[in-house]
Amino acid sequence: MIKINKKLFRYFDWSIFFSMIAICILGITTIMFANNALETGNFRNTIAQFIILLVALVAFVFVITIDYTTIGSYYKIIYVVTNLLIIAVLLFGREVNGAKAWLGIGPFGGQPSEFVKLSIIIGLSKILEDVDEVNKFEVLKRVAIFVLIPMGLIQLQPDLGTNMIIAVIVLGILFVAGLDMKFIYIPVTILAILIPIAWNLNIIKTYQKHRILVFLNPELDRLGAGYNASMAKLAIASGRFFPKSSFADIIQGNTQLSSGKFIPEAHTDFIFAVFAENWGFLGSIILLILYLNILYKSIKISKVAKDKFGQYLVIGIVTMIGFQIFQNIGMDIGLMPITGIPLPFMSYGGTSLLTNVIAIGLILNVSMRRKKINF
Amino acid sequence: MKKNRIKYFTIILIMMFLTLALRLAFLQLINGDYYSQQAEAVFSRVYSEKPQRGEILTTEGIKLATNIQSFNIIYTDNRKVVPEKDIPKVLLKVIRVLKNETPDYEKLILDTLPIKIDNNKVEFDFDVYVSEEDLNLNDNISQEEKLKKIEEKRQKILKAKEERFKKDYNLPLDLDANQTLYELFVKYKIANKNVDRYIFVENMSLQEAKDVLSLRLLIEKNRFYKYKPVEIAKNVSRKTAFYIAMKSEELPNVSFNEEPLRYYPNGDFASHILGYLSRAGEDTAEQYKSLGYDINNEWIGAIGLEAKFENITKNEYGASLRGEPKEKYITVDKFGNQLKLIGEVEGIPGDTIVTTISYNLQKVAEESLERLFKNLQEGKVDGTRRPNANRGAVVVANVKTGEILALVSKPSFDPNLFAEFGTIKDEETRLRIFTPEKFLTETQKYYNEVLKLDIVPKPLYNYATKSLVPPGSTFKLLTSIAALEEGIITPNTIIVDKGMYRELPGFKGNCWIWNEKHTTHGPVNVAKALQVSCNYFYYAVAQKMGWDKFDKWVKKYNLIRNGNNSATGIEIGENFGQASSVEKRKALFIRKYLKNIMEKLKIKEDDKLLSDIKEMFLNENLDDTRLAGLSENQKKYINSAYNQFIAEAKRLSDLLSASIGQGENQFTPLQLAQFYMTVVNGGNRYKLHLVKEILNPDGSLKYKVEPEVLDKVEIKPETYNAVMQGLQKVNEEGSAASVFRNYPIPTGGKTGTVQIFNDFSSEIAKRASADGVVANGVYVGVAPINDPQIVVVVLVYNAGHGYSCASVVKDIYDEYFGLNKMQPNSETSNSQISTTH
């Protein structure tokens, strides 16, 4: 066992840690309500999520004990292993909701594409660490090859949502690394041209097209694809300022819309709708503040990181978590299209929770080792 | 690396969170009320209970259709009590209870699975009944083509139904019936698949498994409406209901409810007037759902008054037999489970329909007609057996109001058969009613299938309002009136019957008396011509009159379609038979000519030129300039075709046949009744109606139907007197005299004998005659003839002669005028009658 130098905890940001724990616990209770567990006695998901949280915390401890630079030095191995996992998914995986993303034996398993995000953040940060000028063709070519291989594999699943996050992560890191703005403007222009083409050439799957169309007007199709979006919006809206229902009501699963009774997958993708209906605007804002606390403090950490690797690592993770929050909540309230992107720390799902807790572990790792440490 | 970039990064992040917060504030704080209301609406459901259907009464208030209280076994799909995998076990228990403990097995609703097992052979089993009306066939299409089209349509529907069934349950479309059955067993956890063997989850027979599956599919259909209990057995005995209630421990989710059930106390009495209740068809299901029907449990009026007054959208009186269901407003979860009751609205029973039908008259008419069938079949009427005299109709109507006092169509059906399940459950009975052609004798099949003659007695067919038959000699009334009114003849014009009519080249008609007895009627005037039914007289009159004047008078009496006119205006479904006329004949012949032109000119059916030619031919306006582009030869051909076409349409010899009621004349008994009513009441064409009044559920009057004159057809008093005298003489000295001579009330009428074969002497006609495929008989009666009150029409298919029908009319007069007590033994009236025609 590696001994932890107690001095390291001088820079362990407890507010980030406790914010994370608080959100995780809110998540577990919300899963319980979403499954209407108190009424049906079905605590399966609730308990599973709790156990995964414990496992994730063990992993968290493991992650913070190893210097992140050591982890970084293994980036090639991590990269190869995660890519192999995706290939394994493509070969042996199980299809869930139109995408082959689940790998596992019996009840144990996960979605390797979640780990890919972290693997790319680590690898990319490592690649860019030694680069002074990012706006060079050689550098960008290397970045592109590094990123496009896993993205291509993920597209085969297909999992457009994860690729969207990866794209944003890469953009986030490159942006901080000083990417010339023209490299941002030009791809945006190209995308504007390519999207209609992709639409017509069936590169985008039918269910994705449908989701996008319905995103533009969910009320059109309340009982079809727009059902989720429109139910989520209704649920959130009827939360009002203070939680509409009394605490006893919530406990008994008597809230009108959520409690898993109307919104399918309420405990995964649409968990925010359940939360917002139960806790109202007040609760939603508190949740957002908890998230913002994690992200804002993390950005501060990136500024005091001991090296560029650490800095990019933190920015990559902040981008990942921040964008997922925006995308997931945005989808519930009609700002973003419907994708299968989970809400960090809240949504039911082991791999997602594990990845995000480890990611926070890495940020705190950077924070703890901000100065040269004398043994 | 640029320092500023982290600052921008932070700003972007904070802006994203601000956007979320603002949008949340907008939704939850500003628009919260709006969305909360929407939320309530989205998750509330209406659960309705069947209303008490309105009654249908005779004019005296005797119940023809009413309701009785019935018990149903219901299944409430609460998956917390019985999880999905255990549903088949509970259902199996229910089936066994109904089979072994309480004999109510046949009350189970087992027809949801369209698969039957016959001698271990598994086959699809869909009910498809295609009637002529469904196809909207042209009036002038041969019987053979009709049957072919019907069969084609039937096969198409069968295939579509099979495909739809498989799609509904997500099965591959290429499965055969056996594979479908076992796939469904596995899908609904009735059997497990073990390598290539299927093992039932409990020890049960294949039949039991199939029954379980049928019930399971019922529950499956209801899966989005779990708050609604599913009826799995209908109209069980009280004993069964209480037995189920007692066994609630063993039969979780199973209970019983009480519900009104449609009941027709008199069985098949007046069945075609009443109609029956049926499940909503696939094509109408959505429409009824949108009207708030629970189409899995609520049956809909199929024909007759049940259909016409089903709900307020179906009739102009705003009447609804259905009423309004009791509605419970509840909130449900996404599985359809009831969460809480918001409120209840009491139901409203349906309106009561009081008909114009007189119970006694209807009863006499039905019994007398059936007795006549029996006597004809046994040869008691004229000594010859008429084995196919099994179809017919009676219409009795009030000439001064248009009220229908009796309306009979035989064979009939018992609407109670449909009441429980919305269809007939017993297969044998169902086939007999829906596919009577399968139950013909071998001899009859020859005429139906080889000669394509209409010989099938169809129980669901209303022969009184729908059957189109040539009117025969009864039509001579119209020719008489037209000739008198147009000045072709006066009441005193005498024409000498010479037996064979040879005044028109190419026409070879004889008077019937020449054919039968080689004698003639001698000099006759119009009244005498009606009395003796002299064909010769009418041939001569028709030749003089020509098509134009004849057409004018059939149009006046609404015997040919004129705009959007209905035939008689009756509330229930009827056909509009068309008199022979130039217009009808043109429509009939045009296809033949167009076909030849298409071949000659080598043009396609959708060619503009062809539609031009059609229009010109029909409008009798051939315009050479519209034929530009054609060669001289082609133009010549079209010109000659045109001339032939017009000549054929206006062929005078055909008018001569039409004038005695043969040819292309075809009417329903109801149309015939209306025509006679209009003549004898002095020219008022009353709208025929079956409904006297509509009562609200509390008994108060909702709508009273007043007599309505649709047209007025004025004729001269001399004309009126002449034809009335003729009609009276028919009964006193003519073809119906054997029945009506010395009848205490002066009556009039006209018989009609409608030959099936044009050429009596042909081999086929002789063979048909021996097999009882003989002329249809019609009789129209008017009483009293000096002050007409009622008109009676009787039609009997394959009766041999029109006068046979008069006995039914006499029974009806006896009842109407209260004379039946004087002549208790009406059997005698059907016995041997010597005078013919």
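Guide: A helix here is a DSSP run of H or I with at least four residues, numbered from the N terminus. Leu417(B) sits in such a run, helix 13 (residues 416–419) of chain B. One caution: this is a predicted model.

Visitor: Why is Leu417(B) called partly exposed?

Guide: The relative accessible area of Leu417(B) is 34%. Buried means under 20% and exposed means over 50%. The value falls in between, so Leu417(B) is partly exposed.

Visitor: What does Leu417(B) touch, not counting residues up to four places away in sequence?

Guide: Leu417(B) touches Thr423(B), Ile424(B), Thr429(B) and Ile433(B). There is also Gly267(B), 150 residues apart from Leu417(B) along the chain. The C-alpha atoms of these two are separated by 9.1 Å.

Visitor: Which peptide bond at Pro411(B) is cis?

Guide: The bond from Lys410(B) to Pro411(B), with omega near 0 degrees. Pro411(B) lies in the loop between strand 16 (404–410) and helix 13 of chain B. Another cis bond joins Ala783(B) and Pro784(B), where omega is about -20 degrees. Pro784(B) is in the loop between strand 26 (776–783) and strand 27 (790–796) of chain B.

Visitor: How many helices and strands does chain B have?

Guide: Chain B has 29 helices and 27 strands. Of its 837 residues, 56% are buried. Take the contacts in chain B between residues at least 6 apart in sequence: 72% of them join residues at least 24 apart.

Visitor: At what angle do helix 21 and helix 23 of chain B pack?

Guide: Helix 21 (residues 582–601) and helix 23 (residues 632–649) of chain B pack at about 155 degrees, with their axes 9 Å apart. Angles over 145 count as roughly antiparallel. Therefore helix 21 of chain B is roughly antiparallel to helix 23 of chain B.

Visitor: Which residues of helix 21 and helix 23 of chain B make the contact?

Guide: Helix 21 of chain B brings a set that includes Phe589(B), Ile590(B), Tyr593(B) and Ile597(B). Helix 23 of chain B brings others, among them Tyr637(B), Ile638(B), Ala641(B) and Phe645(B). By class, this contact has 11 nonpolar, 3 polar and 5 charged residues.

Visitor: How far apart are the axes of helix 1 and helix 3 of chain A?

Guide: The axes of helix 1 (residues 14–34) and helix 3 (residues 44–65) of chain A are 8 Å apart, and the angle is about 160 degrees. The cut-off is over 145, so helix 1 of chain A is roughly antiparallel to helix 3 of chain A. The crossing is right-handed. In the contact, residues such as Phe17(A), Met20(A) and Ile21(A) of helix 1 of chain A meet a set including Phe50(A), Leu53(A) and Leu57(A) of helix 3 of chain A. The classes are 11 nonpolar, 3 polar and no charged residues.

Visitor: What makes the pair Lys117(A) and Glu114(A) a salt bridge?

Guide: The N to O distance between their side chains is 3.1 Å. The rule asks for a Lys or Arg nitrogen within 4 Å of a carboxyl oxygen of Asp or Glu. So the pair of Lys117(A) and Glu114(A) passes. Both residues lie in helix 6 (residues 112–129) of chain A, 3 residues apart, about one turn of the helix.

Visitor: Are Lys117(A) and Glu114(A) buried or exposed?

Guide: Lys117(A) has 1% relative accessibility, so it counts as buried. Glu114(A), at 6%, is buried too. The limit for buried is under 20%.

Visitor: Where do Glu84(B) and Lys189(B) lie?

Guide: First, their side chains meet in a salt bridge, at 4.0 Å from N to O. The pair links distant parts of the chain, 105 residues apart. Glu84(B) is in the loop between strand 3 (63–75) and helix 3 (87–101) of chain B. Lys189(B) is in the loop between helix 6 (177–187) and strand 6 (191–194) of chain B. Glu84(B) is partly exposed at 30%, and Lys189(B) is partly exposed at 35%.

Visitor: What is the phi of Lys189(B)?

Guide: Near 60 degrees, a positive value in a residue other than glycine. Asn798(B) also has a positive phi, near 50 degrees.

Visitor: Why is Asn798(B) called buried?

Guide: The relative accessible area of Asn798(B) is 2%. Buried means under 20%, so Asn798(B) is buried.

Technical notes: Residues are numbered from 1 along each chain as its sequence is written. Chains are lettered from A and ligands numbered from 1 in the order in which they are written. This is a predicted model: local features need pLDDT of at least 70, side-chain atom pairs count only at pLDDT 80 or more; totals for chains, interfaces and linings use all residues. Side-chain values use heavy atoms; hydrogens and water are left out. Axes are lines fitted to C-alpha atoms, for helices over the stretch in contact, and angles run from 0 to 180 degrees between N-to-C directions. Helices (H or I, at least four residues) and strands (E, at least two) are DSSP runs, numbered from the N terminus. Angles under 35 degrees count as roughly parallel, over 145 as roughly antiparallel, 65 to 115 as roughly perpendicular and the rest as oblique. Contact means heavy atoms within 4.5 Å. Ala, Val, Leu, Ile, Met, Phe, Trp, Tyr, Cys and Pro count as nonpolar, Asp, Glu, Lys and Arg as charged, and the others, Gly among them, as polar. Buried means under 20% relative accessible area, exposed over 50%, partly exposed in between (1.4 Å probe, protein chains only). A crossing is left-handed if the near helix is turned anticlockwise from the far one by less than a right angle, and right-handed if clockwise.
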